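Have the structure open as you read.

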Amino acid sequence: MAKIITISRGFGSGGRTIGKMLSEDLGIKYYDKDLIRLASEESGINERFFGRVDEKLQGSFLRKGGVYKGELISPDSSDFVSDQNLFNYQAKIIKQLADKEPAIIVGRCADYILRDRDDVLRVFIFSDLETATKNVVEMYGISEKEAQRIIAKTDKERSEYYRHYTGTDWENAKNYHISLDTSRLSYDECVEIIKGYIKIISK
């Protein structure tokens with residue numbers, strides 16, 4: 001039985017909306033940016049530090065850390081508020097939530113962090129550029145050109161972030177149980193496919 005559903009998503013693909021729809025249909029908690037607040041409360045580190053590195057790397061050429069190993073850095077260390085430690089605290093929250101109750105967790109390498117659990121369904125939501133552009137234009141009321149600039153920038157940041165902390169490719173199908181294309185499927189259809197998959201593996 002899939003207790004936790006992780007959703008990785010391309011910007012503008014509708015992954016967040018699908019996650020919220022699943023949350024309502026299945027009656028389980030939904031976590032997205034809430035993870036930043038929870039990690040801040042757990043660590044005592046100001047929430048703005050977490051927001052600054054949310055699914056993106058800082059611009060430093062020589063980034064400390066690398067693939068996630070789970071260790072936390074002591075508060076008396078100069079690296080306590082490093083990008084690596086901020087990620088580690090967020091990962092700690094993701095693990096705690098997974099232990100506590102069924103949930104849907106969006107982004108933030110949750111699929112990798114929970115990779116050793118048998119009760120996790122890992123989903124990737126993507127779309128073609130035309131669909132993503134249309135969605136972003138409608139969401140933010142911006143031009144197509146600006147929408148495509150934001151899509152390219154955000155997806156690049158997410159890809160670099162994922163590779164840095166997992167050592168693998170964000171868009172690699174092997175990382176996920178299901179990959180769904182919202183250029184071809186409606187959000188409702190995606191929700192039903194995911195629910196159907198859960199039923200099959202729960203038999």
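How do the residues of the lining of the largest cavity divide into nonpolar, polar and charged? They divide into seven nonpolar, one polar and four charged. Here Ala, Val, Leu, Ile, Met, Phe, Trp, Tyr, Cys and Pro count as nonpolar, Asp, Glu, Lys and Arg as charged, and the others, Gly among them, as polar.

## Before we start

This is a predicted model, in which local features need pLDDT of at least 70 and side-chain atom pairs count only at pLDDT 80 or more, while totals for chains, interfaces and linings use all residues. Residues are numbered from 1 along each chain as its sequence is written, and side-chain values use heavy atoms, with hydrogens and water left out.

## Two cavities

Cavities and pockets are found on a 1 Å grid over the protein atoms alone: a cavity is a set of points where a 1.4 Å probe fits but cannot get out, a pocket is an open set with protein on both sides within 12 Å along at least five of seven lines, and lining residues have an atom within 4 Å of a point. Grid points are joined across faces, edges and corners, and a volume is the space filled by probe spheres set on the points. By this rule there are two cavities of 30 Å³ or more.

The largest cavity holds about 70 Å³ of space, and its lining includes I36, F50, F87, Y161 and Y165. Helix α4 provides the largest share of that lining, four residues. (Helices are DSSP runs of H or I with at least four residues, strands are runs of E with at least two, and both are numbered from the N terminus.) The second largest cavity holds about 50 Å³; among the residues that line it are S8, R9, R158, Y161 and W170. Its largest share, three residues, comes from α7.

## The largest pocket

Turning to open space, the largest pocket has a volume of about 510 Å³. Of its 24 lining residues, R9, F11, R16, Y140 and R158 are the closest to its centre. By class, the lining has five nonpolar, eight polar and eleven charged residues. Helix α7 gives the largest share, five residues.

## Packed cores

A nonpolar core is a set of buried Ala, Val, Leu, Ile, Met, Phe, Trp, Tyr and Cys residues joined through side-chain atoms within 4.5 Å. Buried means under 20% relative accessible area, exposed over 50%, and partly exposed in between, with a 1.4 Å probe and protein chains only. The largest core has 35 residues, of which F87, I113 and L114 touch the most other members. Its largest share, eight residues, comes from α4. A second, separate core of 18 residues includes I5, I18, L121 and I125.

Leaving aside neighbours within four places in sequence, L114 is in contact (heavy atoms within 4.5 Å) with I4, T6, I94, K95, A98, I105 and V120. N88, found in helix α4, is buried with a relative accessible area of 2%.

## Helix α7

The buried residues of α7, including A147, I151, R158 and Y161, pack against β1 (4–9), α4, α5 and α6. After α7 comes G167, whose phi is positive, near 75°.
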